[in-house]
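The following paragraphs lead through a single protein chain, from its overall make-up to selected local features. Please keep the sequence and the model in view while reading.

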Amino acid sequence: MFSEDGSGLMPARRLLLIGLVAGFALFVSFAVYVYQGELKTQLWKPALDAALEKVHLRRVSNQNVSSTTQDDSPHPMPFNVTDPLSGYVNVLKDRKPLKMHCSVCAMVSSSGQVLHHEAGTEIDKAECVIRMNDAPVTGFEKHVGTRTTIRVASHTSFQLVNKKRADLLVKNKGLTLVAWGPDKSMKTDGKGRIFNGLSKLAKDIGNDIDVYMLTPERMAYADKVFEIETGKPRTSNAKPVLYHYYGASKLQECHMYRAMEKQKKGGHRFITEKKVFERWTKKNHITFHFPTWEPKV
């Protein structure tokens, strides 16, 4: 098995021997790998099965709980599942509440972003087209379309809509106008400024449009949805706070924050600063006291 000069194995035989040794080693290592893999599978498979069973039981439990309680409902209570439009009532007492169902809706934003797209034709294909406040159509047809099915107006924008009624309301036969506002402005006893305006509008052109408003219960439900989604109440009952606890100045903190945020140069961006603090609290052990402040997770 040695070469003629005694220097070692012959080249061909040496390669053959190396190949056999390497092949045997590879086979052994592969067998061990597979065996270990099977062994590991056998070891963790019961734990996996147990975990999956727990997940299954948890899902079944959640389904049972959601069917008997209201806590797992996708809507905050109270919510009428069989009548999701409950709380939208006509401002004229002799007319029925809002009943509408649309297979495809197009909700058109009032943002300047719409000018970067010519989506008018696509918007008009929707069964229902929803527009906000006094957003016009005339002159912007290629961007926002021509049809309006529902126009939603806040109590702060209703007067603007009413002033433009010839263009925003009368042009759209069968239009539905939905207005909302705080209880004070929607009082039906003659003291609700917005309700009075809605009633007059409905009586003036009631043959062309239907005018609806939200009941106080529906407004409370909407406020609850906002609070659940944002973690903050829609309205704040916070008491005025001084900018500094010392000194004779009576400047309020909120007024200073807003003024500084609007400064083009040299302003202290307090609100932006708090956003940074909020982000830091998620990465570091930072807690705010007096008053407490829990950042959104």
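Helices (H or I, at least four residues) and strands (E, at least two) are taken here as DSSP runs, numbered from the N terminus. The model is predicted, so to speak of local features requires pLDDT of at least 70, side-chain atom pairs count only at pLDDT 80 or more, and totals for chains, interfaces and linings use all residues. Residues are numbered from 1 along each chain as its sequence is written, and side-chain values use heavy atoms, with hydrogens and water left out.

The chain has 9 helices and 6 strands. Of its 297 residues, 25% are buried, where buried means under 20% relative accessible area, exposed over 50%, and partly exposed in between (1.4 Å probe, protein chains only). Among contacts (heavy atoms within 4.5 Å) with a separation of 6 or more, 49% join residues 24 or more positions apart.

Strand S1 comprises residues 88-90 and includes Asn-90. Because its relative accessibility is 9%, Asn-90 counts as buried. The side chain of Asn-90 reaches the backbone nitrogen of Leu-92 at 3.0 Å. Not counting residues up to four places away in sequence, Asn-90 touches Arg-95, Lys-96, Pro-97, Asp-210, Val-211 and Tyr-212. Val-89 also lies in strand S1, but with 27% relative accessibility this residue counts as partly exposed. Which residues does Val-89 contact, leaving aside its neighbours within four places in sequence? They are Pro-97, Val-211, Tyr-212, Met-213 and Thr-215. Val-89 and Tyr-212 are separated by 123 residues in sequence, yet their C-alpha atoms are 5.3 Å apart in space.

Two further asparagines may be considered in turn. Asn-133 is found in the loop between strand S3 (128-132) and helix H3 (141-144). Its relative accessibility of 23% makes Asn-133 partly exposed. Phi of Asn-133 is near 50 degrees, a positive value in a residue other than glycine. Most residues other than glycine have a negative phi. Asn-162, in turn, belongs to helix H4 (residues 158-163). Asn-162 counts as buried because its relative accessibility is 19%. The side chain of Asn-162 makes a polar contact with that of Arg-165 at 2.8 Å; such a contact is a pair of N or O atoms within 3.5 Å, and within protein one must be able to donate a hydrogen and the other to accept it, while residues adjacent in sequence count only if both atoms are side-chain atoms.

Met-256, Tyr-257, Met-260 and Glu-261 of H8 make the contact with Phe-270, Ile-271, Thr-272 and Lys-274 of H9.
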